[in-house]
Amino acid sequence: MRWFWIDRFIEFESGSYAKSVKNVTLAEEHLHDHFPGFPVMPGSLMIEGLAQTGGILLGEINDFEHIVILAKVPQMTFHSWACPGDQLIYTAKITNAGEEGGAVDVTAMVGDRLVAEGSIIFVHLDQSDSEFGAIDQKNFVFSMNLLGILDVGKAGTGEDQP
């Protein structure tokens with residue numbers, strides 16, 4: 001199973017903020033058990049989508065030279081839920097970016113309805129550490145075509161949209 005919890009970026013301002021889309025569908029296996037008879041997107045997976053939005057935003061600042069890891073979710077409030085057919089819009093705004101890592105404030109919306117809001121803290125791992133040396137985040141981002149979701153405003157052909 002691929003663990004991409006965002007479908008694409010719809011806005012991306014380097015070093016500042018990003019908005020991404022997550023379409024919630026019944027094709028996602030986890031929704032069949034969460035909850036039977038009332039499928040909703042698990043909060044933990046919304047946090048992961050928010051973290052992927054913020055982590056890519058933070059990693060892009062340094063051309064993905066650092067290994068960006070979610071370190072802490074100091075605050076997250078869930079106000080509502082997302083069901084199959086909903087389109088979640090994740091927004092991440094950088095509040096701190098430095099050599100050790102960074103922080104983002106995040107929101108998840110379905111239309112005008114606030115689903116979740118909070119903050120996420122990331123750390124940069126030392127690439128020279130022998131324990132983490134095998135992690136090549138830049139290669140992962142490029143080889144898995146993860147940057148393809150950064151093609152904001154592009155059609156499936158790669159052409160700019162009018």
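I looked up the accessible surface of the protein chain first: it comes to about 8,800 Å², of which 52% belongs to carbon and sulfur atoms (Shrake-Rupley method, 1.4 Å probe; for residues, only the protein chains shown count as cover). I note that this is a predicted model, in which local features need pLDDT of at least 70 and side-chain atom pairs count only at pLDDT 80 or more, while totals for chains, interfaces and linings use all residues. Residues are numbered from 1 along each chain as its sequence is written, and side-chain values use heavy atoms, with hydrogens and water left out.

**Entry: fold**

I counted two helices and six strands in the protein chain (DSSP runs numbered from the N terminus: helices are H or I with at least four residues, strands are E with at least two). Read along the sequence, the pattern is β-β-α-β-β-β-β-α. I then looked up burial: of the 162 residues, 40% count as buried (buried is under 20% relative accessible area, exposed over 50%, partly exposed in between; 1.4 Å probe, protein chains only). For contacts (heavy atoms within 4.5 Å), I took those in the protein chain with a separation of 6 or more; residues 24 or more positions apart account for 65% of them.

**Entry: salt bridges**

I found three salt bridges in the structure (a side-chain nitrogen of Lys or Arg within 4 Å of a carboxyl oxygen of Asp or Glu). Side chains of opposite charge can pair when their charged atoms come close.

Glu-11 pairs with Lys-19, with the closest N and O atoms 4.0 Å apart. I have Glu-11 as partly exposed at 30% relative accessibility, and Lys-19 as partly exposed at 26%.

Lys-22 and Glu-28 meet through their side chains at 2.8 Å, N to O. Lys-22 counts as buried because its relative accessibility is 5%; Glu-28 is also buried, at 11%.

Asp-86 and Arg-113 form a salt bridge at 3.7 Å, N to O. This pair links distant parts of the chain: Asp-86 is in the loop between β3 and β4, Arg-113 is in strand β6 (residues 113-125), and the two are 27 residues apart. Arg-113 is partly exposed, with a relative accessible area of 32%.

**Entry: Asp-86**

Is Asp-86 buried or exposed? I have Asp-86 as buried, because its relative accessibility is 18%. The loop that holds Asp-86 runs between β3 (67-78) and β4 (87-97). A polar atom of the Asp-86 side chain lies 2.8 Å from the backbone nitrogen of Cys-83. Leaving aside neighbours within four places in sequence, I listed the contacts of Asp-86 as Lys-22, Asn-23, Val-24, Trp-81, Val-110 and Arg-113. Lys-22 from this list is also the partner of Glu-28 in a salt bridge.

**Entry: backbone geometry**

Which residues does a cis peptide bond join? I found His-34 and Phe-35, with omega about -5 degrees. Phe-35 sits in the loop between β2 (17-23) and α1 (43-61).

I also checked for positive phi. Asp-63 has a phi of about 55 degrees although it is not a glycine, and it is found in the loop between α1 and β3. Phe-64 has a positive phi of about 60 degrees, again without being a glycine, and its place is in the loop between α1 and β3. On accessibility, Asp-63 is partly exposed with a relative accessible area of 41%, whereas Phe-64 counts as buried at 4%.

Notes: Polar contact = N/O pair within 3.5 Å; in protein donor to acceptor, adjacent residues only side chain to side chain.
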